[in-house]
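Colleague: I am new to reading protein models. Could you walk me through one, feature by feature?

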Amino acid sequence: MAVKIENGKKILVTPVSAEDLKDIKIGDIIYLTGELTTCRDVAHRRLVEEHRPLPVDVRNNAILHAGPIIRPLENDKFEMVSVGPTTSMRMEKFEYEFVKQTGVRVIIGKGGMKEDTERACKEFGAIFCVIPAGNAVVAATEVEEIMRAEWRDLGMPETLWNCKVKEFGPLIVAIDAKGNNYFEQQKVEYNKRKDKEYERIIKEVRFIK
């Protein structure tokens with residue numbers, strides 16, 4: 001079973017199947033243990049537009065939209081210093097094909113994503129999670145080991161850093177495997193409340209309108 005509860009935390013352990021994700025809902029808070037690979041704009045573009053296969057197999061595993069700060073060590077080893085997510089919307093136009101081709105199950109980033117990612121999660125059994133802002137240094141402490149570094153020609157931020165992580169998070173599920181989108185649903189609720197409050201304020205502060 002890839003989902004376990006420890007000390008009140010819901011922990012997703014890679015490798016992950018579509019079946020493992022079926023009971024995870026938008027708004028859930030989870031943690032990730034296992035394998036995680038950083039993967040940003042250029043890596044997505046190389047795969048989708050240039051048809052270059054990823055040198056790291058992310059099937060049934062997780063990717064992170066991030067450009068980390070890495071400290072080189074001896075013997076071609078590395079240490080994670082800081083790993084904050086980058087804006088995931090930049091990957092939106094690639095994400096459907098990326099998920100289809102790679103079989104990745106868990107995508108982690110920052111901010112919302114839209115229809116292409118929703119469709120990918122629903123069709124192929126994946127989830128998109130966001131990690132709260134300001135956790136870059138803390139998140140780095142949850143990286144136990146950097147196992148591989150691929151496509152180094154892209155520079156530190158865009159290199160594929162293949163990591164072993166333990167209880168990486170907290171992660172908020174923003175799109176679940178049914179394609180439900182937490183951010184988009186919250187926008188609808190916000191607009192409903194906004195219009196109601198706007199009308200109330202107008203009555204009290206007449207110079208607004």
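**Reading the model step by step**

Modeller: Start with the surface. This is a predicted model. The accessible surface of the chain comes to about 10,800 Å². Carbon and sulfur atoms hold 51% of that area.

Colleague: What does the secondary structure of the chain come to?

Modeller: There are 6 helices and 10 strands.

Colleague: How many residues are in the chain, and what share is buried?

Modeller: The chain has 209 residues, and 46% of them are buried. Buried here means under 20% relative accessible area.

Colleague: Next, contacts. What share joins residues 24 or more positions apart?

Modeller: Count the contacts with a separation of 6 or more. Residues 24 or more positions apart account for 64% of those.

Colleague: How do I read a nonpolar core?

Modeller: First the general idea. In soluble globular proteins, nonpolar side chains tend to be buried together. Now this case. The largest nonpolar core has 32 residues. L12, L32, I108 and F168 have the most contacts inside it. Several elements give two or more residues to this core, including β3 (29-38), β7 (106-109) and β9 (143-150). β10 gives the most, with 6 residues.

Colleague: Which residues does F168 touch?

Modeller: Leave out residues up to four places away in sequence. F168 then touches I30, Y31, L32, L36, L64, V83, I108, I131, A139 and E142.

Colleague: Now pockets. How much space lies in the largest pocket, and which elements supply its lining?

Modeller: About 160 Å³ of space lies in the largest pocket. β6, α5 and β9 each supply at least two residues of its lining. Find F78, M80, V137 and I146 on your screen; they are among the lining residues. K77 and E144 also line the pocket.

Colleague: How many lining residues fall in each class?

Modeller: By class, the lining has 7 nonpolar, 1 polar and 4 charged residues.

Colleague: Let me try a single residue. Where is I29 found, and what is it in contact with?

Modeller: I29 is found in strand β3. Set aside its neighbours within four places in sequence. I29 is then in contact with K10, P170, L171 and I172. K10 is 19 residues from I29 along the chain, yet their C-alpha atoms are separated by 7.2 Å.

Colleague: Why is I29 not called buried?

Modeller: Check the cut-offs. Buried means under 20% and exposed means over 50%. I29 has a relative accessible area of 49%, so I29 is partly exposed.

Key:
Residues numbered from 1 in each chain as written. Predicted model: local features only at pLDDT ≥ 70, side-chain atom pairs only at ≥ 80, totals over all residues. Heavy atoms only, no water. Helix = DSSP H or I, 4+ residues; strand = E, 2+ residues; numbered from the N terminus. Buried < 20%, exposed > 50% of the residue type's maximum accessible area, 1.4 Å probe, protein only. Contact = heavy atoms within 4.5 Å. Areas by Shrake-Rupley, 256 points an atom, 1.4 Å probe, with all protein chains shown as cover. Core = buried A, V, L, I, M, F, W, Y, C linked by side-chain atoms within 4.5 Å. 1 Å grid on protein atoms, 1.4 Å probe; cavity = no way out; pocket = protein on both sides within 12 Å on 5 of 7 lines; lining within 4 Å. Points joined across faces, edges and corners; volume = space filled by probe spheres on them. Nonpolar A, V, L, I, M, F, W, Y, C, P; charged D, E, K, R; others polar.
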